[in-house]
Amino acid sequence: MLQKEEEMRPEQKYYSVEEEERRRTTRPDKFRYLRTSVKKSPFSREAFGCVVAYRMIKSLVLPSKALKFPVGKIEGPRQLRCKGPKMELTLTQPDDWHLHLRDGDMLEAVVCHSASHFGRAIVMPNLKPPITTTAAAVTYRESILKALPANINFTPLMTLYLTDTTSPEEIKFARRSGVVFAVKLYPAGATTNSQDGVTDLFGKCLPVLEEMAEQNMPLLVHGEVTNPDVDVFDREKVFIETVLQPLVQRLPQLRVVMEHITTMDAVRFVESCKEGSVAATVTPQHLLLNRNSLFQGGLQPHNYCLPVLKREIHRQAIVAAVTSGSKRFFLGTDSAPHERRRKECSCGCAGIYNAPVALSLYAKVFDEAGALDKLEAFTSFNGPDFYGLPRNTSKIKMIRTPWKVPESFSFSFGDIIPMFAGETLEWQPSLI
């Protein structure tokens, strides 16, 4: 709205439309630069438009106070890019509390994928033959250290394979060794190389379990019954009811880790126990996949693992548990490599190789749940706290930058197919 003449400030003076047009036509030098600079301007079209508009406003000789709006100095197209900073998370270096490294050529092929991301790992003992003694664990540990790439700091934490013939004296020896950190319970026939597993937990193994409680040696449990009359999708639930609950009640001082949980029943059981006495590891596959993933687009052998993937309601329950901030759950990849031909055959092996992508997938889960602030505790704090070990002092970065998972890893003995092969992930780990 135009002001009356007497209301105008002395220094202000407005011109009619006709007068403004006359002033522009009599001052062509003010506009010549704008006309000729179109071809020569180094600015982007958007930047050029800003310059033109700004100079045209100035040329109108409006009141000086009207020109006092925030206009930044335009130096070129670089300042006009709205490129946000790349999102990064700095985490205490994680540990893997459930890892299969195999032995021989396979060990040499895969150990670098875990060692490049994790500071320590609980190494599973189900080799052929299994690691049933401390002496065998020491030898296996030396093989792992020898296979490590140069300049990588990685500590394997060894375990013993529990059998019906394991003695309490072996448990004492294992504790004194400083090399063995837990004992693994495989029900006979439950998974890969479990044929030598336990058949009489509350009979032949009871003295060993009592000594483990005395030595503060954790029992790591593959939580499935092997009774052929029990549906494969119910084996974890039945194991909790018939084995795990009675065990915890009988030996409440025994510390137990329920490995690679797959059901809401396992979540509820762990949460019902005393904190610090029973915990659980959780894998990327059981956080991201359900049993449909075994069959979508045909049979998917590289999504086959044991315990087998379950219904979506179970997956959601596990995601809710780990992203809640509970100290009872921690990272355990259960990364289990097999050569491609042993997966893609008439009787394929169980196991998913996720070591190269595990941290990226855990970050994906926590990101999608809006719980990135809980990620570090799950990956880096809860595990060592349960085992009574110091947390790592080294750091890693998780950077939100898309990267494509390799279709396969090729070695002299054959190929290994990683989890999410050929897919693009949003988070990538990097050592600091």
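Which residues are buried in helix α6 (residues 168-177)? They are Glu170, Ile171 and Ala174, where buried means under 20% relative accessible area, exposed over 50%, and partly exposed in between, with a 1.4 Å probe and protein chains only. The model is predicted: local features need pLDDT of at least 70 and side-chain atom pairs count only at pLDDT 80 or more, while totals for chains, interfaces and linings use all residues. Residues are numbered from 1 along each chain as its sequence is written, and side-chain values use heavy atoms, with hydrogens and water left out.

**Overall architecture**

- The protein chain contains 14 helices and 13 strands; these are DSSP runs numbered from the N terminus, with helices being H or I of at least four residues and strands E of at least two.
- Of the 432 residues in the protein chain, 50% are buried.
- Among contacts in the protein chain with a separation of 6 or more, 73% are between residues 24 or more positions apart, a contact being heavy atoms within 4.5 Å.
- The accessible surface of the protein chain is about 21600 Å², and carbon and sulfur atoms account for 51% of that area. Accessible areas come from the Shrake-Rupley method with a 1.4 Å probe, and for residues only the protein chains shown count as cover.

- Glu170, Ile171 and Ala174 are the buried residues of α6. They lie on the same side of α6 because they cover an arc of only 100° around the axis, the arc being that of the directions from the helix axis to the C-beta atoms.
- An α-helix has 3.6 residues a turn, so residues three or four places apart point the same way.
- Glu169 and Arg176, on the other side of α6, are exposed.
- The cover over the buried residues of α6 includes α5 (134-147), β4 (155-161), β5 (180-185) and α7 (206-215).

- In strand β8 (residues 278-282), 5 of the 5 residues are buried.
- Both faces of β8 are covered, with Val278, Ala280 and Val282 buried on one side and Ala279 and Thr281 buried on the other.
- Strand β7 (residues 256-258) pairs with β8 in the parallel sense over 3 bridges; two strands pair if DSSP finds at least two bridges between them.
- Met258 is positioned opposite Ala280 in β8.

**Salt bridges**

- The structure has 10 salt bridges, each being a side-chain nitrogen of Lys or Arg within 4 Å of a carboxyl oxygen of Asp or Glu.
- One of them joins Arg341 and Glu339 at 3.0 Å, N to O. Arg341 is exposed at 57% relative accessible area, whereas Glu339 is buried at 10%.
- Another links Asp373 to Lys374, with the closest N and O atoms 3.2 Å apart. Asp373 is exposed at 60% relative accessibility, and Lys374 is partly exposed at 29%.
- Asp385 and Arg391 also form a salt bridge, at 2.8 Å from N to O. Asp385 is partly exposed at 40% relative accessibility, and Arg391 is partly exposed at 41%.

**Cysteines**

- The structure holds 0 disulfides, a disulfide being a pair of cysteine sulfur atoms within 2.5 Å.
- Cys112 is partly exposed, with a relative accessible area of 27%, whereas Cys205 is buried at 0%.
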